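Take a look at the structure below.

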Amino acid sequence: MNDAPATDETFFLRFTAPDLAALHRDMAQAERQLAQARAEADLLRALEHAGDLGSLLTTDRQQEAARALLTEFLPVARQHPAHEPSAWLLHALATACQYCGERAEADVLFAEALALARLHSWTQLEHYVLHHWGRCLAEQRRFGPARDCFLKSLAIRQALGDPRQASSQRALDVLADHEARHLAATDMPQPTLLLRPAEPRDALCLSVLAMQVFLDTYATQGIRPALAREVLSSYSEPVFAAAIASEADALCVAELAGHLIGFAHLVFGVSHPLAPPGAPAELLRLYVQEPFTGQRVGSRLLAWAEQRAAEAGAEQLWLTPWVHNHRALAFYRRCAYQDHGATHFVFEGESHENRVLAKAVGPISAMPR
C-alpha cells in the first residue's frame, strides 16, 4: 500500500541525473547485457545487470518498472547472500520501493542490504545504503534514525576520502532544517532536556539503557554467548548501583520528560599507559539512546564530564572507543580529543582494538553537582 504520492516534492534530496542522454545510453547498454545473460542462462550475471538496470530505471523516474524487474531477481539474490551484486540488488530494490511510496518495504530491504554489507565488509555498499536509507527515513519524519544513517555514512566516506562526503553533510544540514520546521509547526510544547547526577533509583534504567546502546553499537552481527555474558556482567543493575554509590565515580544522566535517554560515567584517578601525563580521569562510558543521537545530548554530557573531571582535579580526560565506532571517533575528534594509539579490550579470550583518546581539561571553577 502506498503511503505517499510518488512526486519529487515528496522525496528528500532525490538524485537527478545531470545528463539524461548519458543515462539513457547506460540503460540501453544494461538492457543488452541483461538480455545476453538471460540468453546464456547465467543467473548471477543476469542478477548483476538487473541490479544495474533497475537502479538506472529508478533514476529515470521509472521506479515501478524497476521494482518489477528487481523483484523478479530477489529470490536469486537471497539464494546467494555472499555474492556482492545480490546486496546491491537489494539496495536498488529498496530505493525503487521507496520512490513507489512503499517505505515500510523499503526499510526492510535497506536493513537486509546493510546487514550483508557489514557482514562481508563491503564498505562502499555500506555507505551507499546508509545514505539512501537516511533519505527514506527523512521522508517518514523519523529524524533521529535518519540522522544516524547520514552520520554513519559520512564517517565512512571521510575515512575513505570519498568526495560523496559532501552529499552526506548536505543531507545532515537539510535534515536539521526539515526537523526544525517540523517542530515549529507542532503545537505541542517540546520537553526540556535535564542533566542531573545519577541517583540510586536510576540503576535499573541505566542498566537497561546501557545494554541497549551497547548492543545497538557492537552486536551488529547478532548475539553470541560471549557477548551476552559480557553485557550481563558489565551492565547489570548492581554494577550501576555500586558506581552511583562510589566516591571514585560520577554519573550524570540525561532525562527527557521523565525518561532516561543517555548518561556519562566518569572514574577518577584511573590512568592509562598511553594517556598524556597529568592527573587523570577516565570517561568510562558516554551513551545516548539511538533516537536521540544528533541532538546535542552527547555534546552536553561530554561538556559535563569535562567540567566535572576538572572540578575533581583531573588534568587529562581519556577514553577508549572501539576502533570501528566511526561515529564516536569523529565526534571526539570534533571535540578536540587527540588519538594516542591503540589498546585492546579483552573478554573471554576475544581481543578488540580500541583507540586511546585524551584531552586536557585543566582547572576550572567549581560547578554544582
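Phenylalanine 347 counts as buried, because its relative accessibility is 7% and the cut-off for buried is under 20%. The model behind this value is predicted. Phenylalanine 345 has 36% relative accessibility, so this residue counts as partly exposed.

## Aromatic pairs

The structure holds 13 aromatic pairs. A pair of aromatic rings is described by two things: the distance of the centres and the angle of the planes.

Phenylalanine 263 and tyrosine 287 make an edge-to-face pair. Their ring centres are 5.5 Å apart, with 65 degrees between the planes. This pair links distant parts of the chain. Phenylalanine 263 belongs to strand β3 (residues 259-268), and tyrosine 287 belongs to strand β4 (residues 280-288). The two residues are 24 residues apart. Both phenylalanine 263 and tyrosine 287 are buried.

Phenylalanine 345 and phenylalanine 347 also pair, but their rings are tilted: 5.6 Å centre to centre, with 45 degrees between the planes.

Which residues do ring pairs link into a cluster? They are Phe214, Tyr218, Tyr235, Phe240, Phe263, Tyr287 and Trp322.

## Charges over rings

Arginine 14 places its charged end over the ring of tyrosine 99, 3.8 Å from the ring centre. Arginine 157 lies over the face of tyrosine 128, and here the distance to the ring centre is 5.8 Å.

A disulfide is a covalent bond between the sulfur atoms of two cysteines. The count here is 0 disulfides. The cut-off is within 2.5 Å. Cysteine 136 has 0% relative accessibility, so cysteine 136 counts as buried.

Cysteine 252 counts as buried, because its relative accessibility is 1%.

## The second largest pocket

The second largest pocket has a volume of about 830 Å³. Its lining has 29 residues. Phe15, Ser55, Thr59, Tyr128 and His132 lie nearest the centre.

Which elements give two or more residues to this lining? They are α1 (20-39), α2 (43-59), α4 (84-99), α6 (123-139) and α8 (165-184). By class, the lining has 10 nonpolar, 11 polar and 8 charged residues.

Methods:
Residues numbered from 1 in each chain as written. Predicted model: local features only at pLDDT ≥ 70, side-chain atom pairs only at ≥ 80, totals over all residues. Heavy atoms only, no water. Phe/Tyr/Trp six-rings, centres within 6.5 Å; stacked < 30°, edge-to-face > 60°. Helix = DSSP H or I, 4+ residues; strand = E, 2+ residues; numbered from the N terminus. Buried < 20%, exposed > 50% of the residue type's maximum accessible area, 1.4 Å probe, protein only. Lys NZ or Arg CZ within 6 Å of the ring centre and 35° of its normal. 1 Å grid on protein atoms, 1.4 Å probe; cavity = no way out; pocket = protein on both sides within 12 Å on 5 of 7 lines; lining within 4 Å. Points joined across faces, edges and corners; volume = space filled by probe spheres on them. Nonpolar A, V, L, I, M, F, W, Y, C, P; charged D, E, K, R; others polar.
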